[in-house]
Amino acid sequence: MTNEHVAATLQSIKTYAEQHHVPIMEDQGIEFLLQLLRDQKPATLLEIGSAIGFSAIKAAEALPDCQIDTIERDDERYDKAVEFIGKAGLKQQIRIFHADALEFNVDELNHSYDAIFIDAAKGQYDRFFEKYGPLLAVGGILYCDNMKMHGMAEQDLTEVPRRKRTMIRNIKQFKEKMMGHPDFDTELLEAGDGIMVCKKKNIV
């Protein structure tokens with residue numbers, strides 16, 4: 001891997017995302033997340049929702065010693081992520097799995113991760129947490145993006161477009177659950193579209 005390869009690949013991803021309307025993390029949000037990860041220094045990271053590989057490649061660049069596993073359901077996005085990860089020269093550092101994360105056999109993954117990043121179907125965060133939370137090491141950190149959902153998660157449900165209400169209700173309920181979870185120290189940070197950071201306590 002060279003920095004030039006990674007930089008060129010990231011630019012290609014941004015161009016592709018814009019042309020094909022693929023949502024990738026906003027610059028402010030991704031830079032803030034990367035700073036949190038640099039401070040944490042995880043040796044292993046699991047990402048739920050690869051899309052086309054942008055955040056996994058950015059994380060690999062920021063954390064060259066971190067092994068990253070990432071899961072993507074969509075066929076086309078998975079293929080592009082594989083292509084971009086290859087172009088960036090990061091196949092040794094990033095393992096990508098083609099699967100629906102809610103149906104995926106977790107036995108294919110590590111038994112434990114220092115960090116888990118959820119950035120997939122927004123209305124399913126609680127189900128992802130219930131399935132993958134047990135893989136988070138003690139002292140490990142769960143990161144959840146898009147907790148504000150462009151401000152909608154801070155509105156009364158009656159003000160949210162009807163077709164988005166179930167998703168927003170689920171996000172609100174998940175946020176409340178994690179804020180009050182006895183096994184986690186949780187805070188909601190304002191960066192980007194809202195990043196929730198949940199640190200697993202050492203419960204004796």
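Analyst: Here is a walk through the sheet, its strands and the helices beside it.

This is a predicted model, in which local features need pLDDT of at least 70, side-chain atom pairs count only at pLDDT 80 or more, and totals for chains, interfaces and linings use all residues. Residues are numbered from 1 along each chain as its sequence is written, and side-chain values use heavy atoms, with hydrogens and water left out.

Start with the sheet. It is open and has 7 strands, in the order S3-S2-S1-S4-S5-S7-S6, with mixed pairing. The edge strands are S3 (94-98) and S6, each pairing on one side only. From one strand to the next, the twist averages 15°. Two strands pair if DSSP finds at least two bridges between them. Helices (H or I, at least four residues) and strands (E, at least two) are DSSP runs, numbered from the N terminus.

Now some of the pairs. S1 (residues 44-48) and S4 (residues 113-118) run parallel, joined by 4 bridges. Leucine 46 has isoleucine 116 in S4 as its bridge partner.

Next comes S7 (residues 195-200). S5 (residues 136-144) pairs with S7 in the antiparallel sense over 4 bridges. Here leucine 142 has cysteine 198 in S7 as its bridge partner. S6 (residues 184-189) also pairs with S7 in the antiparallel sense, over 6 bridges. Aspartate 185 stands opposite lysine 199 in S7. S6 and S7 form a hairpin with 5 residues between them. In the turn, glycine 192 has a positive phi of about 55°. Of the 6 residues of S7, 5 are buried, so S7 is largely enclosed by the rest of the structure. Buried means under 20% relative accessible area, exposed over 50%, partly exposed in between (1.4 Å probe, protein chains only).

Then the helices. H3 (residues 54-62) lies across S1, S2 (67-72), S3 and S4, running at about 175° to S2. H4 (residues 75-87) lies across S2 and S3, at about 165° to S3. Axes are lines fitted to C-alpha atoms, for helices over the stretch in contact, and angles run from 0 to 180 degrees between N-to-C directions. Contact means heavy atoms within 4.5 Å.

H3 is itself largely enclosed by the rest of the structure, because 8 of its 9 residues are buried. Among them are Phe54, Ile57 and Lys58. These three also meet residues of H1, including Val6 and Leu10.
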